[in-house]
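Please read this briefing alongside the sequence and the 3D view. The points below are grouped by topic for a reader who is new to the structure.

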Amino acid sequence: QVQLVESGGGLVQPGGSLRLSCAASGSIVNIYAMGWYRQAPGKQRELVAAISSGGSRNYADSVKGRFTISRDNAKKTVYLQMNSLKPEDTGVYYCNADLWVVGGYRGDYWGQGTQVTVSS
């Protein structure tokens, strides 16, 4: 069974920092793109940042210059370093990965989500 497990969310004051981690485990043959999405109350889930297997990155305009996505392929882990956090960054953050798994299936997998709350 394939799993994506996130960690690192929490409550932080405006201007603070958090680092999210997401580790993939299970019968994985290869990991392609990985990314982070977030969903604020009453809003649709949106892409925050993504990183390809080759290391190419893209970011939502709202987080450029503040967030950094990275990955450790040996650990099958993707990270999101979030600096200068704003109240509007509040939401549930979901890890996403494009995986090729044992048995020949390739598709999108999601973590369970981790809450990030930015508030004074």
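A residue is called buried when its relative accessible area is under 20%, exposed when it is over 50%, and partly exposed in between, as found with a 1.4 Å probe on protein chains only. By that scale Tyr37 is partly exposed, with a relative accessible area of 23%. The model is a predicted one, in which local features need pLDDT of at least 70 and side-chain atom pairs count only at pLDDT 80 or more, while totals for chains, interfaces and linings use all residues. Residues are numbered from 1 along each chain as its sequence is written, and side-chain values use heavy atoms, with hydrogens and water left out.

**Sheet**

- Strands here are DSSP runs (E, at least two residues), numbered from the N terminus, and two strands pair if DSSP finds at least two bridges between them.
- An open sheet is formed by 4 strands in the order β1-β3-β8-β7, with antiparallel pairing.
- Its edge strands are β1 (3-7) and β7 (67-72), each of which pairs on one side only.
- β1 and β3 (residues 18-25) run antiparallel and are joined by 5 bridges; the bridge partner of Glu6 in β3 is Cys22.

**Disulfide**

- With a disulfide taken as a pair of cysteine sulfur atoms within 2.5 Å, a search of the whole structure finds 1.
- This disulfide is formed by Cys22 and Cys95, whose sulfur atoms are 2.1 Å apart.
- Because Cys22 lies in strand β3 and Cys95 in strand β9, the pair ties together parts that are 73 residues apart in sequence.
- The torsion about the S-S bond of Cys22 and Cys95 is about -80 degrees, so the disulfide is left-handed.
- Cys22 and Cys95 are both buried.

**Nonpolar core**

- A nonpolar core is a set of buried Ala, Val, Leu, Ile, Met, Phe, Trp, Tyr and Cys residues joined through side-chain atoms within 4.5 Å.
- The largest such core has 29 residues, of which Trp36, Val48, Phe67, Val78, Leu80, Met82 and Tyr93 touch the most other members.
- At least two residues of this core come from each of β3, β4 (28-39), β5 (46-51), β7, β8 (77-82), β9 (91-101) and β11 (114-118), and the largest share, 5 residues, comes from β9.
- Where contact means heavy atoms within 4.5 Å, Met82 touches Gly16, Ser17, Leu18, Leu20, Arg66, Phe67, Tyr93 and Val116, not counting residues up to four places away in sequence.

**Aromatic pairs**

- Rings of Phe, Tyr and Trp (its six-membered ring) pair if their centres lie within 6.5 Å, and planes under 30 degrees apart count as stacked, over 60 as edge-to-face and the rest as tilted.
- A search of the whole structure finds 2 aromatic pairs.
- The rings of Tyr37 and Trp110 have centres 5.0 Å apart and planes at 65 degrees, so this pair is edge-to-face.
- That pair links distant parts of the chain, with Tyr37 in strand β4 and Trp110 in strand β10 (residues 106-110), 73 residues apart.
- Trp110 counts as partly exposed at 37% relative accessibility.
- Tyr105 and Tyr109 have ring centres 6.2 Å apart and planes at 80 degrees, so they too are edge-to-face.

**Around Gln13**

- Gln13 has its place in the loop between β2 (10-12) and β3, and it is exposed, with a relative accessible area of 52%.
- Gln13 and Val118 are 105 residues apart in sequence, yet 5.4 Å apart in space, C-alpha to C-alpha.
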